[in-house]
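Student: I'd like to learn how to read a protein structure, one feature at a time. Could we go through this one together?

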Amino acid sequence: MALLAFPGIRAFDVAVITEVWGTDRTDRNAPAFELRRVAPDSSPVPMRGSLALTPDRTLSWLHRADLVVVPGLDDHLTPAPPPVLAALRDAHTRGTPIAALCGGAFTLAQAGLLDGRRAVTHWNLVDLLRAHHPLVGVHPDALFIEDDNIWTSAGTAAGIDLCLHLVRRSHGAEAAATIARSMVTAPFRTGTQAQFIEHPTPLADRDADTLAAVREHALRHLDQSFTVADLADRAGMSPRSFTRHFTAATGTTPLRWLLDQRLAAAQKLLERTDLPMPDIAHRTGFGSEVTMRQHFSSRLATSPRAYRAAFRQAEADRSPGRPRRP
């Protein structure tokens, strides 16, 4: 993993990247990552608040990276050094995934990597990105988005969402959940930036989420079938009122949230157990293997069997004795 550093990057994003990929959690069965701090030269990289990052690799190392992550910027129009932009273009040409957190999208746009592609940034920077890089297809609502192996994310906490998603994508849901638990954050969030800028949740609702017990009940009984009316009745609300409050609290609809939980539970069972597909479908509330396969295909672009096989292969690749890349 390569954290790409140059003057002007945000300390918060550096901390997020380091927390996700630079902390050893192998004692909790999390993957062993190798995070390198890559810069144009070996000089300390200054950051706001009298902080500095000391690189341990220069740009010539980037060809060894399996993923390049670009932090956001304190000043979003900060010009990146030309060697950094060239290195990003070369990495993309090699097929290396590239991820930018928050205002890091501006750096990718400077490199020309977002021209004609979809991208997202902090909702407050959407107009600025459009104005300075009109060839970028800016999507203002998404928490994170991918186009041609290039990932961008919305502001601050959405950078955590993207980092955990990239872990989940490469190493499985349980690995991402282990890291999320350590960070005391959600393994994944649903919804869009709209929940933060268009429909702010009333203060009383934020301070006392009366729907928490309903969500907990659903999670404990995922094998059961639930309708919105069932969940609303448990909350003591009408279905319409329940849906409105639920969407305000979570950023997504009750049924969409429930489907996400079923998919996450199925992923864990596929990773942890050898249970047959019909058993997993029953335990997670899909009812049948066919239904579970349809939802995996539409939401995860894979099948349950392919997901299990890919996870097992990734586990084998990380097994002791396999030579590590220097």
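Student: How many aromatic pairs does a search of the whole structure find?

Tutor: Keep in mind that this is a predicted model. A search through the whole structure turns up four aromatic pairs. As for reading one, a pair of aromatic rings is described by the distance of the centres and the angle of the planes.

Student: What are the distance and the angle for the rings of phenylalanine 144 and tryptophan 151?

Tutor: Their centres are 6.4 Å apart and their planes meet at 50°, so this pair is tilted.

Student: Are phenylalanine 144 and tryptophan 151 buried or exposed?

Tutor: Buried means under 20% relative accessible area. Tryptophan 151 is at 6%, so it is buried. Phenylalanine 144 has 24%, so it counts as partly exposed.

Student: Which pair is edge-to-face?

Tutor: Phenylalanine 246 and tryptophan 257 make an edge-to-face pair, with 5.7 Å from centre to centre and 75° between the planes. This pair links distant parts of the chain: phenylalanine 246 belongs to helix H11 (residues 239–250) and tryptophan 257 to helix H12 (residues 254–272), eleven residues apart. Phenylalanine 246 has 1% relative accessibility, so it is buried, and tryptophan 257 is buried too, at 10%.

Student: Let's turn to strands. In what order do the seven strands of the open sheet come?

Tutor: Read the order as S5-S2-S1-S6-S7-S11-S10, with mixed pairing. Strand S5 (57–58) and strand S10 (144–147) stand at the edges with a single partner strand each, so one side of each has no neighbour in the sheet.

Student: How do S10 and strand S11 pair, and over how many bridges?

Tutor: S10 and S11 (residues 150–153) pair in the antiparallel sense, over four bridges. One link to look for is phenylalanine 144, whose bridge partner in S11 is serine 153. The two strands form a hairpin with two residues between them, and aspartate 148 in the turn has a positive phi of about 55°.

Student: Which residues of H1 are buried?

Tutor: The buried ones are Asp13, Val14, Val16, Ile17, Val20 and Trp21. Their arc around the axis is only 160°, so they sit on the same side of H1. Among the elements covering them are S1, S6 and helix H5 (157–171).

Student: Where does arginine 10 lie?

Tutor: Look in the loop between strand S1 (2–4) and helix H1 (11–21). Arginine 10 has 18% relative accessibility, so it counts as buried. Leaving out residues up to four places away in sequence, arginine 10 touches Met47, Pro71, Gly72, Leu73, Asp74, Cys102 and Thr156.

How values were computed. Residues are numbered from 1 along each chain as its sequence is written. This is a predicted model: local features need pLDDT of at least 70, side-chain atom pairs count only at pLDDT 80 or more; totals for chains, interfaces and linings use all residues. Side-chain values use heavy atoms; hydrogens and water are left out. Buried means under 20% relative accessible area, exposed over 50%, partly exposed in between (1.4 Å probe, protein chains only). Contact means heavy atoms within 4.5 Å. Two strands pair if DSSP finds at least two bridges between them. Rings of Phe, Tyr and Trp (its six-membered ring) pair if their centres lie within 6.5 Å; planes under 30 degrees apart count as stacked, over 60 as edge-to-face and the rest as tilted. The arc is that of the directions from the helix axis to the C-beta atoms.
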